[in-house]
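Here are my notes for a first look at this one. Have it open beside you as you read.

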Amino acid sequence: MLTSVVAFLGAAFLIAMVPGPSTAVILRRAVVNGRRNGLATVLGNECGVVLWGLAAAFGLSALLLASEVAYDVMRISGAAVLVWMGARAVWQARRAGGPEGEPAGVAAVSHGRAYRQGLVTSFANPKAGVFAVSFLPQFVPQGAPVLPTLIAFSVIWALVDLVWYLPLVWLAGRARGVFQRQSVRRRTERISGTVLVALGLRLALEP
């Protein structure tokens, strides 16, 4: 059992280190609105990870593998969410005004909204569900109770993700002062928005 847990921890850390939509959204929220909003976004994302893991444990995510229509619906819906979030960031960058060297005014975002954005971003990627189905069962030791073990691994997966994102949010918060300058913030919003749009389009166009 210990060997399986250690192997799972290593694999989960490697997965967490791969950048994706969640990374872009979390860093953008931490840079624009501060560490607390960034942390709220992380917590929302990790709740999504746990729910994907639980769906895999109870066999619900297997429906995405079994039904091409269900997978396509989730994929297109997730892509639309990412494109919308990215386009909104780009539009906000275009609307930003004020002298180039002065700090930009930042619209307040509640922690609840940041949490929901993290949760939605996690749900926007159906590959997470498919991945949970193919990834988690590999580490269940022979003879171990499958359902409790998969549930435990789902929680561990989210905790590993949390450990990875916490220092990233802290670093993004440290750099926030620089990014609050009007010209820098416009570029940041434009770049992060473009990345989200590109990720959404890639998700929509992939078979």
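1. Start with the lining of the largest pocket: its residues divide into 14 nonpolar, 7 polar and 4 charged.

2. A word on the source. This is a predicted model, where local features need pLDDT of at least 70 and side-chain atom pairs count only at pLDDT 80 or more, while totals for chains, interfaces and linings use all residues. Residues are numbered from 1 along each chain as its sequence is written, and side-chain values use heavy atoms, with hydrogens and water left out.

3. Back to the pocket. The largest one has a volume of about 620 Å³. Of its 25 lining residues, V18, G20, P21, N125 and A128 are the closest to the centre. Elements giving two or more residues to this lining include α1 (2–17), α6 (111–123) and α7 (126–135). For the terms: on a 1 Å grid over the protein atoms alone, a pocket is an open set of points where a 1.4 Å probe fits, with protein on both sides within 12 Å along at least five of seven lines, and lining residues have an atom within 4 Å of a point. Points are joined across faces, edges and corners, and the volume is the space filled by probe spheres set on them.

4. Next, T41, which is found in helix α3. Helices here are DSSP runs (H or I, at least four residues), numbered from the N terminus. T41 has 0% relative accessibility, so it counts as buried (under 20% relative accessible area, with exposed over 50% and partly exposed in between; 1.4 Å probe, protein chains only). A polar atom of the T41 side chain lies 3.5 Å from the backbone oxygen of A114.

5. Which parts does the aromatic pair of F8 and F139 tie together? F8 and F139 pair edge-to-face, at 5.4 Å centre to centre and 75° between the planes. F8 sits in helix α1 and F139 in the loop between α7 and α8, so the pair ties together parts 131 residues apart in sequence. Rings of Phe, Tyr and Trp (its six-membered ring) pair if their centres lie within 6.5 Å; planes under 30 degrees apart count as stacked, over 60 as edge-to-face and the rest as tilted. F8 is buried at 0% relative accessibility, and F139 is buried at 14%.

Key:
Nonpolar A, V, L, I, M, F, W, Y, C, P; charged D, E, K, R; others polar. Polar contact = N/O pair within 3.5 Å; in protein donor to acceptor, adjacent residues only side chain to side chain.
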